[in-house]
Amino acid sequence: MNINFKEKLVSAVSTIPLIAGVTMSSSCGVSCPYGLSCSYPGECRRYTDAGGDGICDLGQTSSSSTDTASSSTYDDGSSTSSTDSSSYDPASSAQDQADTSTSLVDTGNTNDSNASAVTDPGSGVDSSLGDNPNYFVIPVSMLLIGLYLFTSFLFTRGILDQQKHRRIWNILLTAGMAGSGITGILLIMIINLSIKTALNPSLTFWHVELSILMVLATVIHLHLYRKPFKNMFRVLFGIKNNWH
Amino acid sequence: MVYDMILPIIPFVGGYLLTYSLYKRGVIRKSVHISLWNLILLLAFLISGGAGFILTILLEFGISLPVNQPFLFWHVELGVTLVLVTVFHLHTYWKSTKTMFISPKRRDEH
């Protein structure tokens, strides 16, 4: 009875990565991940221009979908359709965005506004983060938690041995740590030296994504090595291990 | 704002070299040296990761608070420390680290 319940629970939980994947792909599919409106060839490899107006459709989708809620950022304020979004003045739009930097739906940003925002020497704060941050925190977290439950399930079934199980998560932790650390150091250098590059939003995006991997993999690492972890407090503070 | 790179690096490099030499000379036990640096790693992770997590959540909800900038500053400073202390952690557990990248077959061959 208890085993049946456990099996059902594990199989239900194993569907989490699938749900997360579907959620994430739909989120990625409808809008630009960086919130940009690029001209050819674009900042990423997803450039698509079915409309033939020379501007990436993904950026226009995100602009038009959010501008319906903030049509006041346009000069004329008369149109919110996707066809009209290509005809607005980018310079005035960038100015408007600066004025409405606290707006939740401020996503129709241009490359210029991003570049200047990232390297703002006055504050040192990467204010491009404030522009529609699509960081997929919940889908990525769910994906990783589901993956851990799946590998734990394989481990309890004897398909994976303890060494392999730990190895998989140690490699993921190292990848997350290395990626997050390298992108973080690069961002510090970019901010300190006030370097303007088109890669800044991408760097910030990947820094956040890899940091999510690192944080979750660290929590899993602590769970996998919980005995030495408890031992650390006993060695340093003489606290007896009464946790079971 | 310019982020300081000396402050989160030099004291920790010095501290690690100190405890490592103390352990090598037999003044402190190896477990104390390892546990101490594991604790520092944990604290750096909690502060840097915690501040980063809070910042991400605030950004996701579009909330701008006066604490955002101090959070970002300490996230960056402790993040540098975290990277450095992680390198020490890999050094401490170097044998395990090597086994992570080398398959058991190749280990047997050597």
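Biologist: Which hand does the crossing of H9(A) and H2(B) have, left or right?

Modeller: A crossing is left-handed if the near helix is turned anticlockwise from the far one by less than a right angle, and right-handed if clockwise. Here, H9(A) and H2(B) cross in the left-handed sense. Keep in mind that this is a predicted model, where local features need pLDDT of at least 70 and side-chain atom pairs count only at pLDDT 80 or more, while totals for chains, interfaces and linings use all residues. Residues are numbered from 1 along each chain as its sequence is written, and chains are lettered from A and ligands numbered from 1 in the order in which they are written.

Biologist: At roughly what angle do the axes of the two helices cross?

Modeller: Two packed helices are described by the angle between their axes and the distance between the axes. The axes of H9 (residues 226–237) of chain A and H2 (residues 30–60) of chain B cross at roughly 115° and come within 9 Å. Axes are fitted to C-alpha atoms, for helices over the stretch in contact, with angles from 0 to 180 degrees between N-to-C directions. Helices are DSSP runs (H or I, at least four residues), numbered from the N terminus.

Biologist: Which residues meet there?

Modeller: Contact needs C-beta atoms, placed from the backbone, within 7 Å. From H9(A), A:Met232, A:Val235 and A:Leu236 meet residues of H2(B), including B:Val32, B:Leu36 and B:Leu39.

Biologist: How many residues of chain A are in contact with chain B?

Modeller: Chain A brings 26 residues, against 25 of chain B. H7(A) gives the largest share of chain A's side, 9 residues.

Biologist: And how many helices has chain B?

Modeller: Chain B has 5 helices.

Note on methods
Contact = placed C-beta atoms within 7 Å.
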